[in-house]
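Biologist: Put the model up, please. I'll ask as I go.

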Amino acid sequence: MNKDEELIRKKSPVNIRNRKASFEYFFIDTYTAGIVLTGTEIKSIRQGKASLADSFCYINNGEVWVKGMNISPYFYGSYNNHESKRDRKLLLTKREINKLQSATKQTGYTIVPLLVFIDNHGRAKVDIALCKGKKDFDKRQTLKEKEDRREMERAIKHY
């Protein structure tokens, strides 16, 4: 990821994160994918009414899909409103899909969505990562590091 891409993510009015992902997984490789939306879904995302909790990606017939992503129904949408927890297709290149497919065939590897944001052109994008699950002792180590960082920040602010 270059500096321009980081800047786009920081300036985006919408930053919907999967907070559990960094605690549950080690990130091997990250990708940015477009997402196929219908009707009022983009309006709900622009209002920040989406969640990535308990969502994951899978590959079916050479296409990447995200399952469990919740986009709340748009308040002003009438009978045209969308289903909130349907599977949504992600747009990646064939090379990226093949790389992900070969990696996920190994045990312990999965694809997890990390962030939903709006790019400069007003399109919704999803950052996904190829991940390897953490063991319990790895999770304890992550908690300890997080706690140590907090204590160091408190000590700096105190002096």
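Biologist: Asn61 first: buried or exposed?
Modeller: Asn61 is exposed, because its relative accessible area is 72%, and exposed means over 50%, buried under 20% and partly exposed in between, with a 1.4 Å probe and protein chains only. Keep in mind that this is a predicted model, where local features need pLDDT of at least 70, side-chain atom pairs count only at pLDDT 80 or more, and totals for chains, interfaces and linings use all residues. Residues are numbered from 1 along each chain as its sequence is written, and side-chain values use heavy atoms, leaving out hydrogens and water.

Biologist: Where does Asn61 lie?
Modeller: In the loop between β4 and β5 (63-67). Strands here are DSSP runs of E with at least two residues, helices are runs of H or I with at least four, and both are numbered from the N terminus.

Biologist: And what is the phi of Asn61?
Modeller: About 55 degrees, a positive value although Asn61 is not a glycine. Asp54 also has a positive phi without being glycine, near 60 degrees.

Biologist: Which loop holds Asp54?
Modeller: The one between β3 (50-51) and β4 (56-60). Asp54 counts as exposed because its relative accessibility is 61%.

Biologist: Back up a bit. How many helices and strands does the protein have?
Modeller: Five helices and nine strands. Along the sequence the pattern runs α-β-α-β-α-β-β-β-β-β-α-β-β-α. The C-alpha atoms fill a box of roughly 55 × 40 × 30 Å along the principal axes.

Biologist: What share of the residues is buried?
Modeller: 33% of the 159 residues. As for contacts, meaning heavy atoms within 4.5 Å, 66% of those between residues at least 6 apart in sequence join residues at least 24 apart.

Biologist: Give me a case of that. What does Phe26 touch?
Modeller: Leaving aside residues up to four places away in sequence, Phe26 touches Leu130, Cys131, Lys132, Gly133, Lys134 and Asp138. Phe26 itself sits in strand β2 (residues 25-35) and counts as partly exposed, because its relative accessibility is 37%.

Biologist: New topic. How many aromatic pairs does the structure hold?
Modeller: One. Phe56 and Tyr58 have ring centres 6.5 Å apart and planes at 45 degrees, so the pair is tilted. The rule takes rings of Phe, Tyr and Trp (its six-membered ring) with centres within 6.5 Å; planes under 30 degrees apart are stacked, over 60 edge-to-face, and the rest tilted.

Biologist: What are the accessibilities of Phe56 and Tyr58?
Modeller: Phe56 has 37% and Tyr58 has 26%. Phe56 counts as partly exposed, and Tyr58 counts as partly exposed as well.

Biologist: Pockets, then. What is the volume of the second largest pocket?
Modeller: About 150 Å³. A pocket is an open set of points on a 1 Å grid over the protein atoms alone where a 1.4 Å probe fits, with protein on both sides within 12 Å along at least five of seven lines; lining residues have an atom within 4 Å of a point. Points are joined across faces, edges and corners, and the volume is the space filled by probe spheres set on them.

Biologist: Which residues line the second largest pocket?
Modeller: Arg19, Ser22, Phe23, Thr142, Leu143, Lys146 and Arg149. Two or more of the lining residues come from each of α2 (21-24) and α5 (136-158), and α5 gives the most, with four.
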